[in-house]
Structure formats: C-alpha cells, structure tokens
Amino acid sequence: MNKIFFIAKKELLTYFKSPIAYIILIIAIAIFNIFFFMIVDQNREASLKDVFQVMEFMFVFLAPLLTMGVFSEEKSTGTMEFLMTAPLTNTAIVLGKYLGVLFFFSIMLSMTFVYYGIIEYFGTPDRLTTLTGYLGVWLEGAFFLAIGVMTSSWTRSQIVSAMTSYVILFLIYFSISFTKYFSGSAEIIIRQISTWSHLENFAVGIITIGDLVYYLNGIFICIVLTRLSIENRLWR
Amino acid sequence: MITTKNITKHFGSFQALKDVSFEISKGEIVGFLGQNGAGKTTLMRILTSYLPASSGTVMIDGDDIAKNPLTIRQKIGYLPETPPLYTNMTVKDYLKFAAEIKDVPSNQRLRQLDKVLEECQLEGVKNKTISILSKGYKQRVGIAQAIIHEPKLLILDEPTSGLDPIQNLQVRKLIKNLKDQRTVILSTHILSEIEQIAQRVLIIKSGQIIVDESLDVLLKTSDADQSRELTLEEVFVKYHSEQSEERHE
C-alpha cells in the first residue's frame, strides 16, 4: 500500500523535474484565466458554469499531453524492467502512476479556486453549484487521465500514445454531435457514452448516481485494462 | 540457491532457450558466457521474473518463481544491460526511490543509501541529475540500485560495459567484496574479467548450455594436448568453433 504512494510521489517529482509540467500548467492556467475574464465580462453573473465547460473542453487536449509519457517513456528507456523486477505488484504500479498523474491534475485544478474567490467577492454565487461543478470537472479530468494512462501502456512511443488518446477522447467527447443521425437505442447509447450528457447535471448542482457511475466505471475499466496490458508481455 | 529445470523460452516461432537446467549454490560467482543473441539476457530476465519461461521451473532460495514472484524479487538485485535510470532525477532521489520500492525498512533507508553511495563511489555526484553523468557513473548508479536492499542474489547483465579500466577494476573489486555475503551471476563479453572474478562458468550457445564447469577444471581439462594452461578466451573460441565444425560435417 505504501509503495503506491512512493510511486505516486516519484511520478509527481518527475513532472516537476521536467519543463513540460510547467509549460502545461502555465498555458492551461493562462487560457483558463482568459476565458474566465471573457465569460464573466459577457455573462455578468456570479457563476462558474460556463468556465467549467471551457475547462472540460480544454482537458480533452491537455490530458493526453500529461499522460503520454506515463508508461511509454518507462518502456522506451528500460526503466519498466526496473519496476517490474522490484517487489511491486502490477496493480501497485498502475495505481501509483495513476495517482501521481491525478495529483498533478488536482494541483492544476486547485489553482482555479481563485476564480471562486473572485466571484464570491463581487457577487453571491451559489456555493453548492460551484462545489458540484468542481466535482464534475475533477471527475471528467480523472476519467480522461485514466484513458491517457491506458493508451500510454499500449505503446513505447509517446506520440502514438497521445494520438491514440486524442482519438478516444474526441470520440467520447463529441459523440453527442452524432446523435441526430441515429434513432432508437443506438441514439441512447451514443448519448450515454458522451461525457457531455453527464457533465450538465454537475454544473447545475445535481449529482445523480448515473453520472457518478459513468465516471467511476470509466476510470475503473481504464485502470483494469492498463493493468492487463502491463501484464501482457508482448511489448517486452 | 538457484535450481532451474528444463527452462525453455519461445518468442513466437523463435526458440531463445532450450532445456536449460543448472544449479547454483550459495556464495558462488557464476559467469554467463556466450555470443550476442545466445540467450544470456533472456535467461537472466527469466531468473528475475521479468519474463515468464515458456516451460520449466525456477526455484530461488526455496521459492518457485512462478508462484511467489514478489518474495523472490525482494531477494534479487538486478542490473539490466542498460542501467534502468530515471535520468531527470538526482542520484540520491533515484536511489531513495529504489530503496522505497524494494522494501528497505524506513529506519534503514538513509543508512543503506549512504552505504551504497560509498561502495559505488557516488558520494561526489549524489546531488547531480543522472542525465548529466558520464556512462561510468550511470553504470555505477545502476549497480548501487541493485545492491541497495542487500539482496541475497545479484544478477548483473554486463556490469562493466562502457567503463574505463580503472572503473572496471573498481567494479570488479566491488563484486568480489560482495561475494562473501551473496551469490552473484554476471554476464560479460570480456573474458579476462570472468577469469578474474568468477568461480564457475556457464557457456550458452544458441539457447543451450554447452559448458557448465568450475573455472579451474575448465581451464585444466581443456589443455589435454597442450602443455600450458589455456586462457578462457581459447576455451570459448574452441567450444564455438568445435560446434560449428560438427554442424558442417
């Protein structure tokens, strides 16, 4: 159990030792700031609802950048051999790495708490809605990162890993746009697969079991698949 | 310490190891010899449980590697051919991480860290980022990582590749110092090195063990038609040419 945290700690350390982490942090926060200003300036309401939407959209692009190296880099440099011959279970390796990435993402997200401070100072925002909104954004980010970690475990190349997760993320994020071409149960399935249909509720302050199950299941499936692909020795 | 029975390993249709069986007892230093692609690294990877064998059993210190891989990994220190280093970490951070995931108790971690830094002469670079170190230093960080948890069995895949003669000597000394406490398996292309440290030699050719002999016996028996003792190099060449002649006939 401890070892999961050791791996997570190492993963986090690796992020902050490389310039990529800072570049992603700075660019993401800068873009969020710009949109926060534009949205508040235009809507003139004390709500982060639209800001959350922008964040969610940005995560589609950010998550693969954060996760592309998680496993593929270890494989290409040979450090995977180091991890796999240390007394670690495969589950500990996968969970440790995922937690490390998730923690980095949480740090990034927590930097946007200042927006809440600003709207709280100038207006009277609905606290609960903001809270559930953050939960939704965090869950979506966590799901996207799990997908990124999974694709990273499939390949030695960071580029291939990032491209694969872009394809998957685009599919599940934008699939709602295709619902008009389908009808019946196919339409319902496509609507349910899309993250769009699950985010809306969080942003207006509703937490439903269905939405929670969607994200938690998604994360769980990705982690299980990651573990399977680590166990699969084909790439060694 | 190690007992292997009939290990075979296939990669697709390619058979990397055929019926490899041997025993290594505690405290021995054994050298794996063979040409490139003979199967040395594959065999080492199976012994470290990194790769599963296609068939056959490996028992290490009384445990079956297929059943208790985690307990066995605690007892093994492994240096792969390319040292597995996180190049953006500092030497100290990296070794600390190695100690953490290799079950070194938290109250002994710092002591072990200092010990391997001293043994591998890394004190001067402990706060440097690994990526800027020279190859010799990187190799020694790799060795430090392998011995930090005081394993009973040390498996070193070409531990001296890329080292200058002085470093080479130091690494050999290090391995010799280790032998009182543990069993060492190493592979190398530099035969004179094996002559100096190993007590026993396994020559692997095309996935099969063709010689399993203590070094003294090997060098003595091979000189039946010559008055002087052979060098290991001559023995090695002899075995490899003999076999290819047989094949031509």
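**A helix and its surroundings**

Tutor: Helix H3 of chain B is followed by B:Asp103, whose phi is positive, near 65 degrees. Helices (H or I, at least four residues) are DSSP runs, numbered from the N terminus. This is a predicted model, in which local features need pLDDT of at least 70 and side-chain atom pairs count only at pLDDT 80 or more, while totals for chains, interfaces and linings use all residues. Residues are numbered from 1 along each chain as its sequence is written, and chains are lettered from A and ligands numbered from 1 in the order in which they are written.

A residue is buried if 20 or more other C-beta atoms, placed from the backbone, lie within 10 Å of its own. The buried residues of H3(B) are B:Val91, B:Asp93, B:Tyr94, B:Leu95, B:Phe97, B:Ala98, B:Ala99, B:Glu100 and B:Ile101. Their cover includes helix H1 (2-17) of chain A, as well as helix H4 (109-119) and helix H5 (135-147) of chain B.

Leaving aside residues up to four places away in sequence, B:Tyr94 touches B:Leu85, B:Tyr86, B:Met89, B:Ile130 and B:Val141; contact requires C-beta atoms, placed from the backbone, within 7 Å. B:Tyr94 and B:Leu95 are among the residues with the most contacts inside the largest nonpolar core, which has 125 residues. Such a core is a set of buried Ala, Val, Leu, Ile, Met, Phe, Trp, Tyr and Cys residues joined through C-beta atoms within 7 Å. Helix H8 (residues 127-152) of chain A gives the most to this core, with 11 residues.

Conventions:
Buried ≥ 20, exposed ≤ 12 C-beta atoms within 10 Å, placed from the backbone. Helix = DSSP H or I, 4+ residues; strand = E, 2+ residues; numbered from the N terminus. Contact = placed C-beta atoms within 7 Å.
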